[in-house]
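Please go through the briefing below with the sequence and the model at hand. The points are grouped by topic.

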Amino acid sequence: MKMPVGTVPSKQQLMQSDRQVATVIDLNKCMGCQACVVACKNLWTEREDAHHMRWMSVATAPGPLYPRDFEKKGGGYDATGNARPGELPTMVDSGDAFTFNHQEVLYEGNAQDKKLEPTSALGGAPEWGYNWEEDQGAGVWPNPYYFYMPRKCNHCSHPACIDACSRNAIYKRKEDGIVLIDLDRCEGHRHCVAACPYKMVFFNPVKQKSEKCIECFPRIDKKIASACNRQCPGRTRAFGFLDDENSLVHKLVEKYKVAIPLHPEYGTTPNVYYVPPMSPQAFDSDNNLTDEMRIPDSVLEGYFGKEVHKVMDTLLAERQKKKDGGSSELMDLLISRKWQDRYAEFTNHPV
Ligand code: SF4
């Protein structure tokens, strides 16, 4: 991940790209199976110095998500465009790196007396871990609810990480807007970790460098969709260039405007977009169905901003057309009967 050779460019040049790739994630279809997380981990962070990192994560919402409580750790920009101060997540916030007593329980004949116990990378019992609150959600009977929130670097169009780097080590690739760290330039000051409001940059304490999602750029160069996107068994993901009018990402983001970013108020113009979840109808206190949805509007607005209300109106109206026996191009696009329809030009096999 080396920066193109030449004079040190300005921040504006580091942030510029000719085109932009984007990911769309349909939260109505994500089943929390973690296949995307495993695909990413196996490729990029399955190594001793990176066990605590998940460049791709799926956590249960509402909840502290991943890294833990990232929404309370600042970074990004305020409404006037000024940088907001940010905090560093701890190693435990990033999910710890448990080990288990497999040897003792499974290979030394103790399975009848002992059980598998995790040990924190810091020693002792873990205080928190990745997906610690899985499927807890919120709401009270008879209207409990949750949904899954997959997250990775947004490859933002105005990345706070680039702005914050004192070494000018972070840049957007000209050809597709992927945000990369030049590890030869990085000195591990971690300004990028604090500045990213999504806390999607991770510190490698062994190499003393910052690392993050690289959107599988060696695959992108060969027209293979990034591993998290391609490995999703639920046809939840779409990937492609935002300006490619034939791509599903363009249709969902620009044409139908039903895919919107998480926390747009952070001011970094993210390029991961979400189709918000349509939850079941809520019950009233007499157990009769109401016209309200189980996931409160205020919760959706808290994640996706006010735009989410228009999106929900569109999604519900289009779904109703189908229910009434009519047709809806949008619903057909969201269903995608062929996986190839989701990845635009990035359908080559990862051989
Ligand atoms: Fe940088 Fe964070 Fe945006 Fe990724 S999500 S480009 S790390 S500011």
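Strand β1 (residues 21-26) runs parallel to β12, and four bridges join the two. Helices (H or I, at least four residues) and strands (E, at least two) are DSSP runs, numbered from the N terminus, and two strands pair if DSSP finds at least two bridges between them. This is a predicted model, in which local features need pLDDT of at least 70 and side-chain atom pairs count only at pLDDT 80 or more, while totals for chains, interfaces and linings use all residues. Residues are numbered from 1 along each chain as its sequence is written, and side-chain values use heavy atoms, with hydrogens and water left out.

**Sheet**

- Strand β11 (residues 260-261) is joined to β12 by two bridges and runs antiparallel to it; here Ile-260 stands opposite Tyr-274.
- β1 also pairs with β10, in the antiparallel sense and over five bridges, with Arg-237 of β10 as the bridge partner of Ile-25.
- Together, four strands form an open sheet of mixed pairing, in the order β10-β1-β12-β11.
- β10 (237-241) and β11 are the edge strands; each has a single partner strand, so one side of each lacks a neighbour in the sheet.
- Strand β12 (residues 272-275) is covered on both faces, with Val-272 and Tyr-274 buried on one side and Tyr-273 and Val-275 buried on the other. Buried means under 20% relative accessible area, exposed over 50%, and partly exposed in between (1.4 Å probe, protein chains only).

**Nonpolar core**

- The largest nonpolar core has 90 residues, and Val-24, Met-149, Tyr-303, Phe-304 and Leu-315 have the most contacts inside it. Such a core is a set of buried Ala, Val, Leu, Ile, Met, Phe, Trp, Tyr and Cys residues joined through side-chain atoms within 4.5 Å.
- Leaving aside neighbours within four places in sequence, Phe-304 is in contact with residues including Met-149, Ile-260 and Tyr-274. Contact means heavy atoms within 4.5 Å.

**Ligand shell**

- The residues around the ligand include Cys-153, Cys-156, Cys-161 and Cys-196, as well as His-155 and Lys-212. A residue counts as near a molecule or strand if one of its heavy atoms lies within 4 Å of it.
- By class, this shell has nine nonpolar, two polar and one charged residues. Ala, Val, Leu, Ile, Met, Phe, Trp, Tyr, Cys and Pro count as nonpolar, Asp, Glu, Lys and Arg as charged, and the others, Gly among them, as polar.

**Cysteines**

- The structure holds zero disulfides, a disulfide being a pair of cysteine sulfur atoms within 2.5 Å.
- Cys-165 is in no disulfide, and the nearest cysteine sulfur, that of Cys-192, is 6.3 Å away. Cys-165 is buried, at a relative accessible area of 12%.

**Two single residues**

- Asn-229 lies in helix α7 (residues 227-230) and is buried at 0% relative accessibility.
- Beyond its neighbours within four places in sequence, Asn-229 has contacts with Thr-23, Lys-152, Glu-215, Arg-237, Phe-239 and Tyr-343.
- Ser-327 is in the loop between α10 (307-323) and α11 (329-335) and is exposed, at 58% relative accessibility.
- Ser-327 and Glu-127 are 200 residues apart along the chain, and 50 Å separates their C-alpha atoms.
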